[in-house]
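Q: Hi! Could you walk me through this structure in plain words?
A: Happy to, let's look together.
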Amino acid sequence: EKFNVDATADHASGYDAMKLALVAIENAKSLDADKISEQLSKISVDAMLGHYEFEESNHTVKAGDGFISVPTAQIQGGKNQLVWPASVATSKYQPQGWLK
């Protein structure tokens, strides 16, 4: 609203990344990179795109039911609108006229 820009998945993703970093720093009680990294590996945080935890084996964020979902967009009126998940949706899904 402040910048007169429609929200996108990029905004939500950036917000979530900053939240993860700040929680890890707070939990580490330090700015030491090794301590922060250790806290990131243990993190369990709810954010805009879902619940964040990381796989121990490969350090990727867990995905799927109960974790992070990839937002879905639909072009409406010539603009990308997020339609799912509801936590970041900028519009409701609109069935396409060509679908029967």
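A: First, a definition: helices (H or I, at least four residues) and strands (E, at least two) are DSSP runs, numbered from the N terminus. This is a predicted model, where local features need pLDDT of at least 70, side-chain atom pairs count only at pLDDT 80 or more, and totals for chains, interfaces and linings use all residues. Residues are numbered from 1 along each chain as its sequence is written, and side-chain values use heavy atoms, leaving out hydrogens and water.
Q: Thanks! Where does K29 lie?
A: K29 sits in the loop between α1 and α2. Its phi is near 55 degrees, a positive value in a residue other than glycine.
Q: Is K29 buried or exposed?
A: K29 is exposed (over 50% relative accessible area; buried is under 20%, partly exposed in between, with a 1.4 Å probe and protein chains only). The value for K29 is 73%.
Q: And which loop holds H59?
A: H59 is in the loop between β2 (50-52) and β3. H59 also has a positive phi, about 65 degrees, although it is not a glycine. H59 is exposed too, with a relative accessible area of 59%.
Q: Switching topic: how do β3 and β4 pair?
A: β3 (residues 72-76) and β4 (residues 79-84) pair in the antiparallel sense over five bridges; pairing needs at least two bridges found by DSSP. A73 stands opposite L82 in β4.
Q: What about G77 in that hairpin?
A: The hairpin of β3 and β4 has two residues between the strands, and G77 takes a positive phi near 60 degrees.
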